[in-house]
Amino acid sequence: MSDIKSSNSSEMFKSILTKTKTLQTLSQPTKLPKLSHKATSLKTNILIVGGSFSGLAVLRLLQTNLQEHFNQARLSSGASNDETAKRISITLVEPRNGLLNILGIPKSIVDTEFAKTQYLPFNKLNHVRFNNIVSSEKPEVYADKENGETWYVDDAAEFPDVEVTFVQGTVTYLDDHKAEYVLNDTKDDTAEGSTATATAASAANETGSIDFDYVVMASGRDRNWPTTPSANTMDEYLQDMNKSRSMIENANIISVVGAGAVGIEIAGDIKLRFPEKTVNLVHPHEVFPPEPLSLEFKRLIQDSIERAGVNIYLNTRIDRTKSSDTGDLITTETGKAIPSEINFWCTAKHNNIAFLSPKIASKYVTHGQINVNEYLQLHSQAIQGQSTNTTLTTTTVPNFFVLGDLVNLPIIKSAGWAMYMGRQTANNITSLIFEDTLIEPLPNLKEMPRGMVLVGGQEEIVSELAGEVSLNHEGYKKEYLDYCIGKIRATLDA
Ligand SMILES: Cc1cc2nc3c(=O)[nH]c(=O)nc-3n(C[C@H](O)[C@H](O)[C@H](O)COP(=O)(O)OP(=O)(O)OC[C@H]3O[C@@H](n4cnc5c(N)ncnc54)[C@H](O)[C@@H]3O)c2cc1C
């Protein structure tokens, strides 16, 4: 399981490995009621932290893979359902009760009708239904509807041997065998709702713990509001998007600070919907975006944004301590003021890793990214000793997988990679459970073509893939009509 290679022949290798569980040794999962409003403690076989692109990809393929193995075992042994029954339990912890297509956020913040298409409640995704839900939301949210709409698996379940629990909350602690979580602090929207509010608040304050055999950490990264909305439901998401739209409507000069992919798209979308307003895009360097892509691509996206009428300030660094969310922006170098009314800060992002146990964080995190091996298992290496007498120690935590934006790998982070890793991890966990072996390493990343697709000014599509730069590539134009949501659903089979 270790991928360490060394050129120093005097080095000694020490690889610390522990065993993962197989079907025979998996823990007995806790039986839960269909709906719980309190943070209960439970035991599960596979915990997934985060239910977006990578988390849902791993969930969907685990359901299919595991069920296929059970079906196959029955076929070859001729046993009945009851004889081979050993349900595997998967628990998904995610504060949102749906998939938010973050790719469509720049357009959603100015177009509320479009925004409605970019949040897919889990019960609107194919095959994503739950056996149990733990949530502080009002009971009616998850009640079965008269029209047959449901959040739950039905009696003729598609995956009878795979039980899925949805915990609508946030993981607050994680090590290699245990997690702790809190439920959402639900907002009360009734006038006389003081009792409901108190109940929700106390439910949210309580901590539940989850013991697991395997964990998949897929908690991604957050950015400033509204790029990362604070919403946990469709209604809250639309409130967020309405709020951002009316902030823009009420201002004459809007500035976007930071011309990474997000800042570029937000500036372009604001100018397209509000052509009469002044839109600034301010960036501290000569070219953008910062990813290792060709100068041709960078010039093309700048040209697209400029032609659309966005004012671009290059080599301009804003003093964050002297500039706020509203009002003029003050530059660091000269103290000059750039007139502005509303400012969108697209300068920072952080990986959601604060809940890792101190022991894991100190050993496996480098600059906010998590170190993994080619199977995406938590992995570290350390050289001890001096000169010719050194020992290279590699440590792998084989039941702990890390996916998507969190990993410390030389790739341009994308939803595509996140879903790829989800599929790969589902294959590896299935194989560990049934065959006690890993089957699918990452491809050679040095040979993988780098690429990026950006929505520029006037909804132009600027792309680079494997060195080929295009304006309005026909294939990407089609994919970005719905901001890839159709392609994402097809990839997830959801
Ligand atoms: C504006 C914008 C445009 C983009 N455009 C593209 C594009 O065109 N193409 C492309 O391929 N990529 C694009 N990306 C990048 C892409 O969105 C990310 O690479 C992708 O979202 C990573 O997926 P993920 O599953 O790793 O994490 P995320 O999508 O970040 O999801 C993480 C999930 O974990 C949950 N979570 C966080 N903390 C916790 C916790 N403590 N407990 C439980 N759950 C938690 C979050 O609620 C979230 O649902 C874009 C990103 C942005 C911001």
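In which order do the three strands of the open antiparallel sheet stand? The order is S24-S25-S26. Two strands count as paired if DSSP finds at least two bridges between them. Strands (E, at least two residues) and helices (H or I, at least four) are DSSP runs, numbered from the N terminus.

This is a predicted model: local features need pLDDT of at least 70, side-chain atom pairs count only at pLDDT 80 or more, and totals for chains, interfaces and linings use all residues. Residues are numbered from 1 along each chain as its sequence is written.

## The antiparallel sheet

Strand S24 (451-455) and strand S26 (468-471) are the edge strands, and each pairs on one side only. Neighbouring strands of this sheet are turned by 5° against each other on average, direction ignored. Angles run from 0 to 180 degrees between N-to-C directions, and axes are lines fitted to C-alpha atoms, for helices over the stretch in contact. Strand S25 (residues 461-465) and S26 run antiparallel and are joined by four bridges. Here Ser463 stands opposite Ser470 of S26. Helix H8 (residues 295-307) lies across S24, S25 and S26. Its direction is at about 175° to S25.

## The parallel sheet

Another open sheet has four strands in the order S15-S14-S13-S18, with parallel pairing. Strand S15 (311-313) and strand S18 (342-345) stand at the edges, each with a single partner strand, so one side of each has no neighbour in the sheet. On average, neighbouring strands of this sheet are turned by 20° against each other, direction ignored. Val257 has Trp345 in S18 as its bridge partner. Helix H7 (residues 261-273) packs on the sheet and touches S13, strand S14 (278-282) and S18. H7 makes about 170° with the direction of S14. Contact means that the C-beta atoms of two residues, placed from the backbone, lie within 7 Å.

## Strand pairs compared

| Strands | Sense | Bridges |
|---|---|---|
| S13 (residues 253-257) and S18 | parallel | four |
| S25 (residues 461-465) and S26 | antiparallel | four |
| S9 (residues 169-174) and S10 (residues 178-183) | antiparallel | five |

S9 and S10 form a hairpin, with three residues between them. Leu174 stands opposite Ala179 in S10.

## Two helices in contact

The axes of helices H1 and H10 come within 7 Å and cross at roughly 30°. The crossing is right-handed: the near helix is turned clockwise from the far one by less than a right angle. Among the contact residues are Phe53, Leu61 and His69 of H1, and Ala415, Met419 and Phe434 of H10. By class, the contact has 13 nonpolar, seven polar and one charged residue. Ala, Val, Leu, Ile, Met, Phe, Trp, Tyr, Cys and Pro count as nonpolar, Asp, Glu, Lys and Arg as charged, and the others, Gly among them, as polar.

## Domains and ligand

The domain assignment gives domain 1 (35-97 + 135-188 + 199-224 + 350-446) and domain 2 (237-345). Such bounds come from an automatic or database assignment. The C-alpha centres of the two domains lie 36 Å apart.

Why does the ligand lie between the domains? Both domain 1 and domain 2 give residues to the shell around the ligand, so it lies between them. Of the 36 residues around the ligand, Gly50, Ser52, Gly220, Gly404 and Ser414 come nearest. A residue is near if its C-beta atom, placed from the backbone, lies within 6 Å. The shell has 16 nonpolar, 13 polar and seven charged residues. Helix H1 (53-77), S9, H7 and helix H10 (415-435) are among the elements that each supply at least two shell residues.
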